[in-house]
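Subject: Structure handover

Hello,

Here is the structure I promised you. Please open it next to this email and follow along as you read.

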Amino acid sequence: MPDLERLAVEHTALAAGSPHGRSAHLVLRDGVLRQTVIALTAGTALDEHTPPTAGSVQVLRGRVSLTIAGRRTELSVGELEPVPQERHGLLAHVDSVVLLTAVTA
């Protein structure tokens, strides 16, 4: 199994060196299930996008907000939130790493 702490450290460094302020790594692919580590530098956002069939976001490091139609739901380390079933984005308030779990079918 992947070491999420090691991946968080690695991808935080990669995000810091990226012109886009982010780095991602597919951790698990099992049929329709996908788990991805996503690192974002402070102030970096993932623009609004269409949701997967089902999913969740768990904060491994930092503090982020799920953005949905102008509303924000703030999440801190250890918090887990279902991915909303409407267009949404993600904003990092500080350097952050999340584990995105998604069902793609």
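Predicted model: local features only at pLDDT ≥ 70, side-chain atom pairs only at ≥ 80, totals over all residues.

Residues are numbered from 1 along each chain as its sequence is written, and side-chain values use heavy atoms, with hydrogens and water left out.

**Strands**

Helices (H or I, at least four residues) and strands (E, at least two) are DSSP runs, numbered from the N terminus. Two strands pair if DSSP finds at least two bridges between them.

Start with strand E1, residues 22–30. E1 runs antiparallel to E2, and eight bridges join them. Look at histidine 25: valine 37 in E2 stands opposite. E1 and E2 form a hairpin, with two residues between them. Glycine 31 sits in that turn and has a positive phi of about 60°.

Now move to E9. E2 pairs with E9 over eight bridges, in the antiparallel sense. One partner pair here is leucine 33 with valine 103 in E9. E4 also runs antiparallel to E9, joined by seven bridges. There, valine 59 has valine 98 in E9 as its bridge partner.

Is strand E9 mostly covered or uncovered? Mostly covered: of its eight residues (96–103), six are buried. Buried means under 20% relative accessible area, exposed means over 50%, and partly exposed lies in between (1.4 Å probe, protein chains only).

**Cores**

A nonpolar core is a set of buried Ala, Val, Leu, Ile, Met, Phe, Trp, Tyr and Cys residues joined through side-chain atoms within 4.5 Å. In soluble globular proteins, nonpolar side chains tend to be buried together.

The largest nonpolar core here has 11 residues, among them Ile38, Val57, Leu66 and Val98. Which strands each supply at least two residues of this core? They are E2 (33–40), E4 (54–61), E5 (63–68) and E8 (88–92). A second, separate core has eight residues, including Ala15, Ala39, Val97 and Leu99.

Contact means heavy atoms within 4.5 Å. Leaving aside neighbours within four places in sequence, valine 57 is in contact with Glu79, Leu80, Glu81, Val83, Val98, Leu99 and Leu100. Leucine 66 lies in strand E5. Leucine 66 counts as buried because its relative accessibility is 2%. With the neighbours within four places again set aside, the contacts of leucine 66 include Arg71, Leu75, Pro82, His88 and Leu90. Histidine 11 is 55 residues from leucine 66 in sequence and 20 Å away in space, C-alpha to C-alpha.

**Charges**

Lys and Arg count as positive and Asp and Glu as negative; His and the chain ends are not counted. A salt bridge is a side-chain nitrogen of Lys or Arg within 4 Å of a carboxyl oxygen of Asp or Glu. By this rule, how many salt bridges are there? The count is three.

- Arginine 61 and glutamate 5 meet at 2.4 Å, N to O. This pair links distant parts of the chain: strand E4 and helix H1 (residues 4–17), 56 residues apart. Arginine 61 is partly exposed at 29%, and glutamate 5 is partly exposed at 44%.
- Arginine 6 and glutamate 10 meet at 3.0 Å, N to O. Both lie in helix H1, four residues apart, about one turn of the helix. Arginine 6 is partly exposed at 46%, as is glutamate 10 at 34%.
- Arginine 63 and glutamate 74 meet at 3.3 Å, N to O. Arginine 63 is in strand E5 and glutamate 74 in strand E6 (residues 71–76), so the pair ties together parts 11 residues apart in sequence. Arginine 63 is partly exposed at 30%, and glutamate 74 at 44%.

Arginine 34 is buried yet has no salt bridge. How far away is the nearest side chain of opposite charge? That is aspartate 30, 7.6 Å away. The side chain of arginine 34 does reach the backbone oxygen of glycine 31, at 2.5 Å.

Best wishes

Technical notes:
Polar contact = N/O pair within 3.5 Å; in protein donor to acceptor, adjacent residues only side chain to side chain.
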